[in-house]
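Work through the exercises below with the model open in your viewer. Each task is followed by its solution in steps.

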Amino acid sequence: MDNVSIVRMFILTGLNETNNNRVALFTLTLLYYCMILFFNLTIIMIIILDKILHEPMYILLCSCCINALYGTAGFYPKFIFDLLSSSHVISYEACLLQAFVVYSSACSDLSILAVMAYDRYLAICRPLHYHSFMTKSRLSKMVCFSWITPLCIFSINIVMTSRLRLCITNMKKLLCVNWIIVKLACTDANTIPNNITAYFTGFLYVSHGIFVIWTYMHLIKTSVRSKDDRVKFMQTCVPHLASLTAFVSIIVIDFMSMRFGSTDLPQSLQNFISIEFLLIPPVLNPLIYGFKLTKIRRRILGFVHVQRKWPLCFRFDKD
């Protein structure tokens, strides 16, 4: 028989736990998704409209926020719709697309954070060479690398998964995951190539993490030497380090749960673990950078100040 899937629809059984609290969960999820859109779009628009912020660090932050919008768009609209629906199903093609969007976004996030670490390394450890190294051309190539590499890798993963013949329709998740789709394959399916590409992807992004650790070892060693470097480290590196620590911790928990996790865990806890990286970083990143980075904080406070004065000016002009 040809390796063509006989499954055309999946049932997301992870949503069965939401039946009793569907209206409340729908309201909270919709509000939360609006928060994600508002926070990230605010940072993006501030950076795009203010030419003073057209610097590598802020351009990378803008890229990170755009990526957050891309990744969450692959999950929240479908999840919100499912909360209002009595049948929690997703088509085979839509499931593959969701897995591609969500996990290419997660890996792109890690790539962007690695490039941000390299940018901070150059700014603090090699300040005299910073502008010669971090040119617009090189920055553009790095941003393209952080986007194109995950897209290419997960395109290969999804194409390989699409060649498998699937025999199981129930997926105990809130969203589609490539590795879970592979586990739904028929017993006679050859999943070895999928395992190889999955471990290669894991190795590639673990190496990103090792690179970031190496970078921060040099950053800390350099920043303790002078007061100016310590101030620069606290202002620009602490937000990045907090964002990176949160993101990597969430991804590791998700990976360990997916590969080695116990099925005895409550379904609600399994659901939370599986979508942590779509809940916390998309809101945490713009908040951390918005409050900690001085230039962005000043732009936000300046905008709020203008908005408060505007009604008074309007009334004065009217009188």
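**Exercise 1. The core**

Which residues have the most contacts inside the largest nonpolar core, and how many residues does this core have?

Solution. The model is a predicted one. Its largest nonpolar core has 82 residues. Those with the most contacts inside it are Phe10, Leu61, Phe75, Met171 and Ile181. Helix H4, residues 92-125, supplies the largest share of this core, at 22 residues.

**Exercise 2. The chain as a whole**

State how many helices and strands the protein chain has, and what share of its residues is buried.

Solution. Start with the secondary structure: there are twelve helices and three strands. Next, burial: 46% of the 319 residues are buried. Last, contact range. Take the contacts in the chain with a separation of 6 or more; 80% of them come from residues 24 or more positions apart.

**Exercise 3. H4 against H8**

What are the axis distance and crossing angle of H4 and H8, and why is the pair classed as it is?

Solution. Two packed helices are described by the angle and the distance between their axes. Helix H8 covers residues 192-223. The axes of H4 and H8 come within 9 Å and cross at roughly 25 degrees. Angles under 35 degrees count as roughly parallel, so H4 is roughly parallel to H8. The crossing is left-handed.

Now the residues. H4 contributes Cys107, Leu110, Ser111, Ala114, Ala117, Tyr118, Arg120, Tyr121, Ile124 and Cys125. H8 contributes Tyr205, His208, Phe211, Val212, Trp214, Thr215, Tyr216, His218, Leu219 and Thr222. By class, the contact of H4 with H8 holds 14 nonpolar residues, five polar and one charged.

Check one member. Thr222 belongs to H8. Its relative accessible area is 13%, and Thr222 is buried. Thr222 and Cys125 are 97 residues apart in sequence, yet 6.2 Å apart from C-alpha to C-alpha.

**Exercise 4. H4 against H6**

Are H4 and H6 roughly parallel or roughly antiparallel to each other?

Solution. Helix H6 spans residues 136-162. The axes of H4 and H6 come within 8 Å, crossing at roughly 150 degrees. Over 145 degrees counts as roughly antiparallel, so that is the class of H4 and H6. The crossing is right-handed.

On the H4 side, the contact residues include Tyr92, Leu96, Ala99, Phe100 and Tyr103. On the H6 side, Met142, Ser146, Trp147, Pro150 and Leu151 are among them. The H4 and H6 contact residues divide into 15 nonpolar, seven polar and no charged.

**Exercise 5. H1 against H3**

Describe how H1 and H3 pack, and name the residues that make the contact.

Solution. H1 covers residues 22-49 and H3 covers residues 76-84. Their axes are 9 Å apart, at an angle of about 160 degrees. That makes H1 roughly antiparallel to H3. The crossing of H1 and H3 is left-handed.

From H1 come Arg22, Leu25, Phe26, Thr29, Leu30, Tyr32, Tyr33 and Ile36. From H3 come Tyr76, Pro77, Phe79, Ile80, Leu83 and Leu84. The tally for H1 with H3 is twelve nonpolar, one polar and one charged.

**Exercise 6. Ile296**

Where is Ile296 found, and what is its relative accessible area?

Solution. Ile296 is in helix H12, residues 294-318. Its relative accessible area is 0%, so Ile296 is buried. Setting aside residues up to four places away, Ile296 touches Ile43, Ile47, Leu53, Tyr58, Leu61, Tyr289 and Gly290. Take Tyr58 from that list. Ile296 and Tyr58 are 238 residues apart in sequence, with 8.9 Å between their C-alpha atoms.

Terms used: Residues are numbered from 1 along each chain as its sequence is written. This is a predicted model: local features need pLDDT of at least 70, side-chain atom pairs count only at pLDDT 80 or more; totals for chains, interfaces and linings use all residues. Side-chain values use heavy atoms; hydrogens and water are left out. A nonpolar core is a set of buried Ala, Val, Leu, Ile, Met, Phe, Trp, Tyr and Cys residues joined through side-chain atoms within 4.5 Å. Buried means under 20% relative accessible area, exposed over 50%, partly exposed in between (1.4 Å probe, protein chains only). Helices (H or I, at least four residues) and strands (E, at least two) are DSSP runs, numbered from the N terminus. Axes are lines fitted to C-alpha atoms, for helices over the stretch in contact, and angles run from 0 to 180 degrees between N-to-C directions. Angles under 35 degrees count as roughly parallel, over 145 as roughly antiparallel, 65 to 115 as roughly perpendicular and the rest as oblique. A crossing is left-handed if the near helix is turned anticlockwise from the far one by less than a right angle, and right-handed if clockwise. Contact means heavy atoms within 4.5 Å. Ala, Val, Leu, Ile, Met, Phe, Trp, Tyr, Cys and Pro count as nonpolar, Asp, Glu, Lys and Arg as charged, and the others, Gly among them, as polar.
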